[in-house]
Amino acid sequence: MGRTTSGVKSTKSESDSLFRALIATAVDGIIVIDSHGAVQVYNAACERLFGYSSREVIGQNIKILMPEPYHGEHDEYLRNFRESGERRIIGIGREVVGRRKDHSTFPMYLSVGESELEGRHLFVGIIRDLTELKAQAASHEGANRLLAQLVASSDDAIISKTLDGIITSWNRAAEHIFGYASSEVIGKSISILIPLDLWPEEERFIEQLRAGRGIEHYETERLHKDGSVVLVSLSVSPICDAKGVVIGASKIARDITEKKRAEARTNMLLSELAHASRLSAMGQMSSALAHELNQPLTAIMNYIKATKRTLASITGFPTARANELIENAAHETLRAGAIIKNLRDFVEKRESKRAFENLNKVIEESIRLGFVGVDDVNVNVRLELDPEIPLVLIDKIQIQQVMTNLIRNGIEAMQLVDRRELSISTTRADGDFVQVTMTDTGPGLSPEVLSRLFQPFITTKEKGMGIGLTICQSIVEAHGGRIWPIEERTVGAGFSFRLPLTEGSDLAA
Ligand SMILES: Nc1ncnc2c1ncn2[C@@H]1O[C@H](COP(=O)(O)OP(=O)(O)OP(=O)(O)O)[C@@H](O)[C@H]1O
Ligand SMILES: [Mg+2]
């Protein structure tokens, strides 16, 4: 465009064509009508808005562009204006509804001005289509409404707060979980929910939030209005303003008190079950116990008899020899005692105790326990124990139970085969684990059992309870480890389990 209207002296025909160019290129719809409503000017933007060409509209009554009730009222309105000069919308813009050629309607913003030209009264309307704006607003409103519904209907407490800890929103679940109505807590400090000894933790959280980092599924304690402790799993995300500055936090708290109670009940049941299964193993062991103890006890007898004989046959007092024999007797007595203690520890009901242990030693002891009470042993045990493995933090009796369960399963599986070989190996795996692998040369795991191995009461044995492997899994997992069957074996069955190395494992080694 070479010229502008301001400051340009122009002839009438020049200004006419300038006016036309302006109207034609205007983004907004521009309509000019006379005082009877007949359309004088109708620009290209209007053609797009209403779907009528200017030829169809020029000279027509403006009301063809209006739906009811405007359509019916407009003539009356103009007459009123002509007679009384009363202006209702002139000079003020407002939102109205337009009607397209196909009779569909759309929201529009209309500003109307009036002017006089050569004695004729003219009205100029400028029209802006509001369809898109309205749709955006509606979708915002819809999203907000959906969000509000989600927050209200959530079973988790959803709370927002400023970085100073002032509560700014509090949903229905929060009322339920913490006992406070939203009116009681909004504007108050979140600290009413935090047990005194956990304030340092909250301060750490706030530091983390200031740095823009959230917290996920953090299990901790909060206080109910009645003073009782609620166990919650917290997820907290920073809330940022438009510039990305953290101004607060939204917190989702899930009440896990019930879940924790259920877990404790399950753990208790499992430990009861583990104990029952050890007792039942003890039943099977007891007959062999006599046999095991017989050997050292007989030896003790022999040593003591020999001592007696030695003392009787030698004149003088052969203290050294007598001492040696009596030492031997004492040693055997200790051995007998150790066997009994081992068994007693194994079946005793006790609290879980963890200490750093050498898994190789635990395995050697487990083999002794695993074979106690097994008739017709004839099983070749092959050990490949890595002497370098670090110590692991375990409950020794529980891990012995895992080993004896696996060993007994292996021995039981091999009863009907000729080649009976049990191989056990230990190794350090993936850096952070110690892995134990046990294989046998029995018939292997049948496909029906394989998919349900670790479910309780799955057994193919007449006298089996089907809980051996369930217990193995619960013990290994309670130690932060994992147990699994080795599926790609051609002969026999195999199981591996791994236990994590903890801080101190290497130091303790
Ligand atoms: N080494 C193995 N070889 C073949 N099958 C096995 C082996 N170990 C386990 N199984 C199969 O898995 C089933 C479940 O084993 P699990 O130790 O849980 O129970 P169980 O030995 O039957 O009874 P128990 O409660 O006395 O241990 C067994 O009945 C058996 O069918
Ligand atoms: Mg078993």
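Here are my entries, going from the whole protein down to single atoms.

**Ground rules.** I'm working on a predicted model, where local features need pLDDT of at least 70, side-chain atom pairs count only at pLDDT 80 or more, and totals for chains, interfaces and linings use all residues. Residues are numbered from 1 along each chain as its sequence is written, chains are lettered from A and ligands numbered from 1 in the order in which they are written, and side-chain values use heavy atoms, with hydrogens and water left out.

**Overall build.** I counted 15 helices and 17 strands in the protein. Next I checked the radius of gyration: it is 45 Å, well over the 23 Å from the globule rule for 509 residues, so the protein is more spread out than a compact globule. (That radius is taken over C-alpha atoms, and the rule is 2.2 Å times the number of residues to the power 0.38.) Along the principal axes, the C-alpha atoms fill a box of roughly 160 × 55 × 45 Å.

**The sheet.** What is the strand order in the open sheet of 5 strands? I read β2-β1-β5-β4-β3, with antiparallel pairing; two strands pair if DSSP finds at least two bridges between them. At the edges sit β2 (39–42) and β3 (94–99), each pairing on one side only. I zoomed in on β1 (residues 29–34), which pairs with β2 in the antiparallel sense over 3 bridges. Ile31 has Tyr42 in β2 as its bridge partner.

**Ligand 1.** I found 20 residues around ligand 1, with Asp440, Thr459, Thr460, Lys461 and Ile467 the closest. A residue counts as near if one of its heavy atoms lies within 4 Å. The shell splits into 10 nonpolar, 8 polar and 2 charged residues. Here Ala, Val, Leu, Ile, Met, Phe, Trp, Tyr, Cys and Pro are nonpolar, Asp, Glu, Lys and Arg are charged, and the others, Gly among them, are polar.

Then I looked at atom pairs. Thr460 puts a polar side-chain atom 2.5 Å from an oxygen atom of ligand 1. From the backbone, a polar atom of Leu469 is 2.9 Å from a ligand 1 oxygen, and one of Gly468 is 3.2 Å from a ligand 1 oxygen. Two elements each give two or more residues to the shell: α12 (396–413) and α14 (468–478). Of these, α12 gives the most, with 3 residues.

Terms used:
Helix = DSSP H or I, 4+ residues; strand = E, 2+ residues; numbered from the N terminus. Polar contact = N/O pair within 3.5 Å; in protein donor to acceptor, adjacent residues only side chain to side chain.
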